Amino acid sequence: MAEFAAKRKRPVYLDVVRIRLPLPGFVSILHRISGAALFVSAFWLLWLLDASLASEGKFDAMRAVAAQPFAKLVLTGLAWGFLHHFCAGIRYLFLDADLGVDLARARASSWAVLAVSIALTALVGGWIWWR
Amino acid sequence: MVKRIVVGAHYGFRDWLAQRITAAVMAAYTVVFVIAFAAAAPAGHAAWKAFFAQGWMRVASLLFFASLFYHAWIGVRDILMDYVKPVWLRLSLEVLAILALVGYAGWAVQILWRN
């Protein structure tokens with residue numbers, strides 16, 4: 001049975017350049033990209049937490065690393081990744097519960113996810129850059 | 001020789017559910033963390049360390065990290081299943097992801113309890 005399902009030819013349309021995603025699809029792929037980015041960055045983020053708690057000296061070293069403009073840029077990007085993943089994830093929990101699945105509300109909540117995550121990123125970004 | 005096809009069988013619903021439960025745990029932790037951080041406003045290394053050394057904070061953070069790494073595993077596996085078609089490469093990357101995440105879990109425990 002599994003063999004049959006796996007061997008059966010199914011249509012695949014994955015021309016990345018030509019795909020025109022609807023808004024909820026756009027939110028969905030950003031959910032995946034942000035999740036992947038957070039996974040890839042997990043080592044560095046754990047290192048930052050480790051250093052911040054290890055000792056006074058390492059805490060200062062961690063702050064010096066995090067104060068680099070490039071590190072601030074990456075941290076701001078990861079903050080957006082986390083916040084987008086967070087907001088989109090909450091939207092999916094509602095969709096799983098069959099709430100807001102009609103087209104109009106699914107579009108509205110997609111805009112809300114994009115807007116709220118960017119607004120929160122601006123907040124966190126302001127803290128990262130001008131603290 | 002038995003021809004076997006590597007497919008994702010038997011764990012679909014369980015992992016779907018686990019992904020949502022771990023997400024809820026992490027979302028709750030995030031909210032609690034932000035509130036506790038705002039309330040304590042730890043400034044400097046000593047206060048930051050004391051903030052994480054609280055008993056409930058250690059346990060809550062452990063639950064967060066356990067949820068995070070399980071959640072990440074399901075997500076990474078989904079991504080690999082979608083984009084990496086050669087079985088040997090997909091399985092290799094999956095093993096690397098598992099090793100990394102289990103290693104991170106040990107590291108996280110060390111970070112939380114070493115201080």
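Guide: In this predicted model, ring pairs link A:F43, B:Y29, B:F33, B:F37, B:W48, B:F51, B:F52, B:F64, B:F65, B:F69, B:Y104 and B:W107 into a cluster. Over all chains, the structure holds 17 aromatic pairs.

Visitor: Why is the pair of B:F37 and B:F51 called edge-to-face?

Guide: The ring centres of B:F37 and B:F51 are 6.1 Å apart, and a pair needs centres within 6.5 Å; the planes stand at 80 degrees, and because edge-to-face asks for over 60, the term applies.

Visitor: What makes this pair of B:F37 and B:F51 a tie between parts of chain B?

Guide: B:F37 belongs to helix α1 (residues 12-40) and B:F51 to helix α2 (residues 44-53), so the pair ties together parts that are 14 residues apart in sequence.

Visitor: How do you know whether B:F51 is buried or exposed?

Guide: The relative accessible area of B:F51 is 3%, and since buried means under 20%, B:F51 counts as buried. B:F37, with 26%, falls between that limit and the 50% above which a residue is exposed, and is therefore partly exposed.

Visitor: Why is the pair of B:W48 and B:F51 called stacked?

Guide: Their centres are 6.2 Å apart and their planes 20 degrees, and because planes under 30 degrees apart count as stacked, that is the term used. Both residues lie in helix α2 of chain B, three residues apart, about one turn of the helix. B:W48 is also buried, at a relative accessible area of 15%.

Note on methods: Residues numbered from 1 in each chain as written. Chains lettered and ligands numbered in written order. Predicted model: local features only at pLDDT ≥ 70, side-chain atom pairs only at ≥ 80, totals over all residues. Heavy atoms only, no water. Phe/Tyr/Trp six-rings, centres within 6.5 Å; stacked < 30°, edge-to-face > 60°. Helix = DSSP H or I, 4+ residues; strand = E, 2+ residues; numbered from the N terminus. Buried < 20%, exposed > 50% of the residue type's maximum accessible area, 1.4 Å probe, protein only.
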